[in-house]
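Welcome to this short briefing. Please take a moment with the sequence and the fold below, and then we can walk through them together.

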Amino acid sequence: MLKKNKIIVPILSVLFFILSFYSYTQNLYWAGFAFIGNKDQNFRYPVAIEIFNQDNSLLSGALKKTLSVIKRTDVNFVFESGKISEGDAKAVAFALADESIERIVDKFGVTTKYTIYGQVLIFDFIENKVLANYPVVAISAVTSKEMPSEQKDKDIFKTMYLDINDEASIFSQWAKMFENVRVKESKSIATIGVRDVILEEKALKNMPERLKKNGVFKSKVAQELESSIASFHNVPLIPYTIGEALGSKGAAGLATRFDDNVSKELTLPEKDYTFDIIVRGFIKKEQASDAQVQHLWIGFIELKLFGFENSVIFSQRFRHIEEAVFSKVSKVKILDDWILNEIVIANLIIGVTKQIKIKDSKILKNYLKTGTDVKQIIKNFEKIEEKFSQCI
């Protein structure tokens, strides 16, 4: 028997759309379900691909049902074609980014965490640009006496996609958050996003092929920074990876058709400010006493922000340590240290991005090498915030 302990983790506590705001309701056209990533990256979301191949209307249909129950009055979702000649050309799409499974085994059984990563993207087809991009995450934690079968894994993911009444539904979670989203006019004069994720040799050491293949690990790292910036700073980003989610033709792509027979292909604007994330490496340490075992996972990155003509606005190295202590009698087994490495990097990026806003010197020290001038880092954070203000 499986015991389900479902958890929903929204990446954004405050979500936003950057849309034109008038005294009347803003139409937002339905562009359906799409995939983020190149066509050779279908292994990133195998269950969603299986559902889509069986019936390409199921995912979009489940999402559509969720959106139709939203109660807010200042936004009107339209599920028909619009008239681009009348300036009615804003559209919304849900783009799937990744599926993930993490497991920990102890003497009590197996704990499995199922995670779905997605993004909601808002487009203006008149100006051919992204208006807003914000990520959401849904997690379902399941405990079982035995290792779940491949079919059981699939069944849980399918429920998270298709059952909008399920607590871990990625679509219904988005709908709940959207109820409180502020709709405002875009005043941005610049754009920002991740330019590149660079993996140094130490980071690539022992990295499994599933993360190397087609830049999966790079995409996850970039999406983590995008999520954190959107969450803590309310700044929309130009997506790092676009693939099938943007400008595609066919059932998986965006609905770009309008009543007056105008067909538009979306092109993303250039990024005025760009981040590079250099993943420098990982360290795993383990210490045992008579009663317990301590595990330490350490991750190292360098974060850079570039401006016009590739000028360096910000550059700093950071580190983060994750600790887990288990009783020896529990006989805990870590099945995949690389899952923990991913968590270390994610929490490092989240922590640093949060500190750009909060600037707590005591907390910030935990992310820096001993002896680093914390006051200077905080001063340099202000340079990043200045650029963020130009992109809101």
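How many residues does helix H7 have, and how far does H7 reach from its first C-alpha to its last? Helix H7 covers residues 216-233, which gives it 18 residues, and its end-to-end reach is 26 Å. Please keep in mind that this is a predicted model.

**Helix H7**
- At 1.5 Å a residue, the expected reach of H7 is 26 Å, and the reach found in the model is close to that.
- H7 is mostly covered, with 16 of its 18 residues buried.

**The protein as a whole**
- The protein contains 10 helices and 13 strands.
- Of the 392 residues in the protein, 51% are buried.
- Among contacts with a separation of 6 or more, 76% are between residues 24 or more positions apart.
- The protein has an accessible surface of about 18800 Å², and carbon and sulfur atoms account for 49% of that surface.

**Asp 155 in helix H3**
- Helix H3 spans residues 150-162, and Asp 155 is found in this helix.
- Is Asp 155 buried, partly exposed or exposed? Asp 155 counts as partly exposed because its relative accessibility is 31%, which lies between the 20% limit for buried and the 50% limit for exposed.
- Val 47 lies 108 residues from Asp 155 along the chain, and the C-alpha atoms of the two are separated by 8.8 Å.

How values were computed
Residues numbered from 1 in each chain as written. Predicted model: local features only at pLDDT ≥ 70, side-chain atom pairs only at ≥ 80, totals over all residues. Heavy atoms only, no water. Helix = DSSP H or I, 4+ residues; strand = E, 2+ residues; numbered from the N terminus. Expected span 1.5 Å × (residues − 1). Buried < 20%, exposed > 50% of the residue type's maximum accessible area, 1.4 Å probe, protein only. Contact = heavy atoms within 4.5 Å. Areas by Shrake-Rupley, 256 points an atom, 1.4 Å probe, with all protein chains shown as cover.
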